[in-house]
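Hi everyone, thanks for coming. Let me put the structure up on the screen, and then I'll walk you through a few of its local features.

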Amino acid sequence: MSRIAILGGGALATALSIALHKRDRTIYLWSVEPEVVSTLQQNHENTKYLPGFLIPPSVHVTLEMSEALDDAEAAVLAVPSFAVREVTRLVVQKIPEHAVLVSATKGLEEGTWRRMSEVIEQELPPDLPISIVAMSGPCLAPELAGGSAAAMDVASVTLEAARRARQLLATSKFRMKPTNDINGIEAGGALQTAYSIGAGIGDGLGWGMNERAAYLSKALAEIARLASALGAKRPTLYGLSGLGDFAATAFSPHSRNRMLGEELARGRTLREAQAGLVSVVEGVNSSRAAHAIATDYHLRLPIAEALYEIIQDGAEAKSLQRALIAAR
């Protein structure tokens with residue numbers, strides 16, 4: 001019987017506790033929020049972040065990190081990017097040496113723009129020999145929780161660690177493709193969230209399929225250029241954690257990033273648009289990251305620049321139309 005710890009109390013962590021459940025596994029779900037833990041323990045439902053879906057009664061829900069990590073073979077970090085460093089500091093005190101630490105967070109650290117595996121590595125003691133793996137791809141929480149099949153990339157600096165993560169976490173419906181391009185899958189997963197806000201802006205502006213298809217193509221080209229600057233292998237950006245993740249996040253009605261973009265297109269400010277969402281919208285931070293990376297590497301990216309000005313400076317949403325025409 002293998003033990004899996006899922007760390008985080010949001011929609012994705014809750015969905016993963018459902019999707020990764022198997023008879024030969026024991027799953028622990030940890031959250032720092034007492035009210036989330038209480039409702040999950042009593043009603044098996046995360047009414048705050050993922051209402052309408054029940055976790056299996058056999059999933060152990062806890063506020064105690066030590067209980068979740070006790071003898072765990074894999075620990076999956078599914079917390080917002082701003083919390084990864086702090087949560088990792090708690091994890092390293094409790095995680096077994098034989099465990100694999102998997103990051104499912106799609107984001108870059110504010111200000112440093114480090115990928116999540118880099119943040120985690122900085123917090124690991126040199127004498128703690130655990131493998132760091134990143135997991136990314138199209139994995140909308142409501143669809144995972146509802147039993148839909150999903151395919152993800154899992155990556156580490158060594159294929160051996162990525163394959164071990166697949167062995168520990170995959171199910172018949174939750175498939176994983178190992179790779180050693182950890183730069184690519186993390187950069188793609190993080191940066192596409194900003195451009196998915198742009199897809200929502202386009203929907204809010206009433207774009208037709210021609211414009212939406214042009215946006216998907218041109219935005220993906222910008223994502224690939226940005227990710228390449230962060231050390232990604234460009235072919236990775238046309239796989240699950242690049243194109244696949246972008247398409248799902250850009251056009252799904254479940255996507256918080258797309259919903260935020262629609263609200264901005266209606267003339268709401270960023271603060272007003274975020275007020276109606278209970279979960280973190282990673283694309284807001286990623287738009288700052290894209291702007292900073294483009295500036296540092298002297299990249300001309302009209303869509304990224306327009307998104308930054310709309311999201312961060314309150315520019316009119318229609319400016320994205322002009323950027324779409326200007327983009328290559």
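Let's begin with I18, which touches F53, L54, I55, P56 and A145, leaving aside residues up to four places away in sequence; contact here means heavy atoms within 4.5 Å. Before I go on, some ground rules: this is a predicted model, where local features need pLDDT of at least 70, side-chain atom pairs count only at pLDDT 80 or more, and totals for chains, interfaces and linings use all residues. Residues are numbered from 1 along each chain as its sequence is written, and side-chain values use heavy atoms, with hydrogens and water left out.

Back to I18, which sits in helix α1, residues 11–19. Helices (H or I, at least four residues) and strands (E, at least two) are DSSP runs, numbered from the N terminus. Is I18 buried or exposed? With a relative accessible area of 16%, I18 is buried; the cut-offs are under 20% for buried, over 50% for exposed, and partly exposed in between, using a 1.4 Å probe and protein chains only. I18 and I293 are 275 residues apart along the chain, and 36 Å separates their C-alpha atoms.

Next, the strands. Strand β9, residues 150–155, is mostly covered, with 5 of its 6 residues buried. On one side of the story, β9 pairs with strand β8, residues 131–136, in the antiparallel sense over 3 bridges; two strands count as paired if DSSP finds at least two bridges between them. There, M135 has V154 of β9 as its bridge partner. With strand β10, residues 174–179, β9 pairs in the parallel sense over 6 bridges, and V154 turns up again, with P178 of β10 as its bridge partner.

Now for helix packing. Helix α8, residues 182–204, and helix α10, residues 240–251, have axes that come within 8 Å and cross at roughly 30°. The axes are lines fitted to C-alpha atoms, for helices over the stretch in contact, and angles run from 0 to 180 degrees between N-to-C directions. So α8 and α10 are roughly parallel to each other: that label is for angles under 35 degrees, with over 145 roughly antiparallel, 65 to 115 roughly perpendicular and the rest oblique. Among the residues in contact are G188 and G189 of α8 and F246 of α10.

Helix α13, residues 282–296, and helix α14, residues 302–313, pack at an angle of about 135°, with their axes 9 Å apart. That makes α13 oblique to α14. The contact residues include R288 and H291 of α13 and E305 and Y308 of α14.

At 74% relative accessibility, H298 counts as exposed. D71 has a positive phi too, of about 60°, and is not a glycine either. You'll find D71 in the loop between α3 (65–69) and β6 (74–77), and at 47% relative accessibility D71 counts as partly exposed. For context, most residues other than glycine have a negative phi.

That's my tour, and I'm happy to take questions.
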